[in-house]
Amino acid sequence: MNERQQDLTAMKQWLDSAIERGAVPVLTGSNGDMDTIGSAIALSSIHPSLLACGLHVGRVAKRMVEDLQAPYRKIAAKGTAFPEQMGGIIIVDAAAPDQVGIDLPDVPRLILDHHATNGWEIRDGDIMIQWDVRATTEMIATYMLEYAKEALTEPVRKMLLAGMITDTGRFRHANASSFSITTKLLEDSSIDYAEFCEQIEREETSPSERGSLLRGLARSKHHDAGPWSLVTTYAGTLEGRLASMLLGTGCDVSLVSRHREGETRLTARATRKATLSGVHLGKIMQSIAEQHGGDGGGHDGAAGWTGKVDRIRAESAFIAQLTLQKEVKR
Ligand SMILES: [Mn+2]
């Protein structure tokens with residue numbers, strides 16, 4: 001048995017015994033992106049004791065949940081009333097406890113994640129499955145194709161596909177295994193892939209958000225950070241989308257910062273060429289957290305940090321860390 005199959009077996013055993021003990025909430029990461037929401041909803045379809053829930057549902061995920069009438073419960077940050085008889089809790093696509101945004105009840109945990117860095121502490125009865133894949137929905141789909149094929153209805157397949165499509169940036173950052181799982185999800189279904197992609201992309205930008213994106217673009221600046229070319233700007237909203245747009249200028253790395261109510265947030269993106277040449281944004285954000293406090297981490301090509309220092313200091317810390325990343329000749 002290879003390592004992944006061992007993980008799937010361990011996951012099956014954890015799930016079976018947790019379900020036997022009682023209700024099992026499936027918690028999403030607090031960013032509420034399509035990958036975390038899609039993962040939770042798809043996994044919850046396996047058994048009635050599982051319930052997808054979380055603090056926040058992002059824009060794309062919100063529309064998908066509405067369109068597909070998917071069961072998902074929004075919970076509050078404080079005073080969540082969990083079921084009395086709980087068999088355990090599952091956390092999907094969150095790199096650390098604080099990325100869930102609520103105080104976790106003291107029950108066994110199953111942590112499913114694909115982030116390169118993570119801040120989870122594994123206690124007795126907990127298991128963590130962390131794969132180097134492009135989306136958490138890829139992990140859930142792999143599990144379901146093996147152990148819960150009957151639950152792979154068309155809406156569930158769409159939830160899984162949507163997570164894959166968004167986390168791979170419409171397959172621009174895909175790899176062989178994400179293509180393979182995508183193919184398996186499309187097979188034996190009547191999903192029209194192109195139409196489904198359009199449905200996801202019909203993400204509307206309000207006039208005020210468009211204004212914010214345009215101002216962010218107008219404020220952007222180029223820096224040389226050691227061997228890397230960097231474009232930075234600041235914006236009040238849609239930082240991830242702005243950071244991706246900035247990569248279109250041909251730089252290696254983009255950084256969007258935002259300051260609100262005493263808190264600074266950094267959002268960075270790197271090209272595939274840059275990550276293959278040695279840039280790891282998740283590690284950069286982690287070092288910023290070590291030096292300046294706050295929380296940081298993520299993937300090699302997409303990562304974030306949140307903390308209390310002002311925007312300019314946070315930006316300088318990022319530039320300093322990026323400058324230290326050595327270029328690997330390929
Ligand atoms: Mn993800």
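Predicted model: local features only at pLDDT ≥ 70, side-chain atom pairs only at ≥ 80, totals over all residues.

1. Residues are numbered from 1 along each chain as its sequence is written.

2. Helix 5 (residues 154–167) and helix 6 (residues 176–186) cross at roughly 155°, and their axes come within 10 Å; axes are lines fitted to C-alpha atoms, for helices over the stretch in contact, and angles run from 0 to 180 degrees between N-to-C directions. Helix 5 is therefore roughly antiparallel to helix 6, a class for angles over 145 degrees, where those under 35 are roughly parallel, 65 to 115 roughly perpendicular and the rest oblique. Helices (H or I, at least four residues) and strands (E, at least two) are DSSP runs, numbered from the N terminus.

3. The contact (C-beta atoms, placed from the backbone, within 7 Å) is made by Arg157, Leu160, Leu161 and Met164 of helix 5 with Ser178, Thr182 and Leu185 of helix 6.

4. Helix 11 (residues 281–292) packs against helix 12 (residues 311–324) at an angle of about 125°, with the axes 10 Å apart, so helix 11 is oblique to helix 12. On the helix 11 side the contact involves Ile284, Ser287, Ile288, Gln291 and His292, and on the helix 12 side Ala317, Phe318, Gln321 and Leu322.

5. In the largest nonpolar core, which has 51 residues, Val26, Leu43, Ile90 and Leu160 touch the most other members; such a core is a set of buried Ala, Val, Leu, Ile, Met, Phe, Trp, Tyr and Cys residues joined through C-beta atoms within 7 Å. Helix 5 supplies the largest share of this core, 7 residues. Apart from it lies another core, of 31 residues, among them Ala268, Ala270, Ala274 and Ala302.

6. Which residues does Leu160 contact, leaving aside its neighbours within four places in sequence? They are Gly38, Ala42, Thr137, Ile140, Ala141 and Leu185.

7. Most residues other than glycine have a negative phi. Gln69, in the loop between helix 3 (59–67) and strand 3 (73–74), has a positive phi near 50°, and Asp93, in the loop between strand 4 (89–92) and strand 5 (109–113), has a positive phi of about 60°. Gln69 counts as exposed because it has 8 C-beta neighbours inside 10 Å, whereas Asp93 is buried, with 29 other C-beta atoms within 10 Å; buried requires 20 or more, exposed 12 or fewer, and partly exposed lies in between, with C-beta atoms placed from the backbone.

How values were computed
Contact = placed C-beta atoms within 7 Å.
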